[in-house]
Amino acid sequence: RLLLVGAEGSHFRSIAQDLVDSLGRNTEALAFFAAFELNVDSLEAQVNQLKKEGFDSLTVSMLDGEKLTDEDVRTVREIQAADGFAERWKFPKRFIFSIRTELDVLYDRQEVSTSVYMTLGATELVIPSLSECLEDIPRIAQRMIRKIVATNNIGIVPTLDNSAKEYLRSQPWGNGFDELEVLLHGILIKGNLKRLSDKHFLEDSPVSQSDEEQTSPLRRHLVTQRDEYIQAVLKMSGGDISKASSSLGIDIEGIKRFLSQH
């Protein structure tokens, strides 16, 4: 088991994918689950399908580890037991948990139970915030650009000029990787751009709004209404992200980002 610890906005999904890719195997699948979602029956059905597709092992990435319940822990232990699910099906499992606050702090605050604490207490990898790796931001942004272009079938993969790189290094990035990705997505979906400058970022950056305006009661109310609407559509779609994406007019990655934050 591996525990990723990072601030709000950390790119846990991408990091988990990188970790699996670093194994140099293309037969290990990666599946994401939120708290309350993991159960042996659903995982068993998923493994059966993965076997048909040629996979021989699975990494389970559980987001929002601080929200895990004792029932989730029992499921994890059942899966990992010597005579449990993984052994019965000859399908090795790895677990990657993600939390936004150090585990010991969560435990001291009594925000996680002892059983959750013991389960999450695995090899720990601390993820630096975006503001802690300013020199690397242009490279991180370029990678995000490639992913956004591929996901949305945009066609052209724009590069960053020096002014864009300087802009990216100069921002505080209070909401971390998520803030950067949302900003890039807003720019790229407008059209096929070959090269991005600081002007593109300034046009899409919410710098015209003060912090007070962004956190006003009206803004908070609208955000709450938006979140409840997305959750309602997901529920009516039976949890099918593809159907919800079509109904909402939001790309699948956007739905996944929403789920990773709620």
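**View 1. Strand S1 has buried side chains on both of its sides.** In strand S1 (residues 2-5), Leu2 and Leu4 point one way, while Leu3 and Val5 point the other way. All of these residues are buried. The model shown here and in the other views is a predicted one. In a regular strand, side chains alternate between the two faces of the sheet. S1 pairs with S4 in the parallel sense, over 4 bridges. The bridge partner of Leu2 in S4 is Ile96. S1 also runs parallel to S5, and 4 bridges join these two strands. On this side, Leu3 stands opposite Glu124 in S5.

**View 2. Five strands form an open sheet with parallel pairing.** The order of the 5 strands is S2-S3-S4-S1-S5. Strands of a sheet pair through backbone hydrogen bonds, either parallel or antiparallel. The edges are strand S2 (28-33) and strand S5 (123-126). Each edge strand has a single partner strand, so one side of each is left without a neighbour in the sheet. Direction ignored, neighbouring strands are turned by 20° against each other on average. Ala31 stands opposite Val60 in S3.

**View 3. Helices H2 and H3 lie across strands of the sheet.** Helix H2 (residues 40-52) lies across S2, S3 and strand S4 (93-99). The direction of H2 is at about 150° to S2. Helix H3 (residues 70-80) lies across S3 and S4. H3 runs at about 155° to S4.

**View 4. Phe95 and Phe97 form a stacked pair of rings.** The count of aromatic pairs in the model comes to 3. In one of them, the ring centres of Phe95 and Phe97 are 5.7 Å apart and the ring planes are at 15°, so the pair is stacked. Phe95 is buried, with a relative accessible area of 1%. Phe97 also counts as buried, at 0% relative accessibility.

**View 5. Tyr167 and Phe201 form a stacked pair between two helices.** The rings have their centres 5.5 Å apart and their planes at 20°, so this pair is stacked. Tyr167 lies in helix H8 and Phe201 in helix H10 (residues 198-204), so the pair ties together parts that are 34 residues apart in sequence. Tyr167 is buried, with a relative accessible area of 9%. Phe201 is buried as well, with a value of 0%.

**View 6. Helices H7 and H8 cross and are in contact.** Two packed helices are described by the angle between their axes and the distance between the axes. For helix H7 (residues 137-151) and helix H8 (residues 162-170), the axes come within 9 Å and cross at roughly 110°. That angle makes H7 roughly perpendicular to H8. Ile137, Pro138 and Ala141 in H7 meet Lys165, Leu168 and Arg169 in H8. By class, this contact has 4 nonpolar, no polar and 2 charged residues.

**View 7. The whole protein contains 14 helices and 7 strands.** Of its 262 residues, 40% count as buried. Among contacts with a separation of 6 or more, 71% are between residues 24 or more positions apart.

Notes
Residues numbered from 1 in each chain as written. Predicted model: local features only at pLDDT ≥ 70, side-chain atom pairs only at ≥ 80, totals over all residues. Heavy atoms only, no water. Axes fitted to C-alpha atoms, helices over the stretch in contact; angles between N-to-C directions. Parallel < 35°, antiparallel > 145°, perpendicular 65-115°, else oblique. Contact = heavy atoms within 4.5 Å. Nonpolar A, V, L, I, M, F, W, Y, C, P; charged D, E, K, R; others polar. Pairing = 2+ DSSP bridges. Phe/Tyr/Trp six-rings, centres within 6.5 Å; stacked < 30°, edge-to-face > 60°. Buried < 20%, exposed > 50% of the residue type's maximum accessible area, 1.4 Å probe, protein only.
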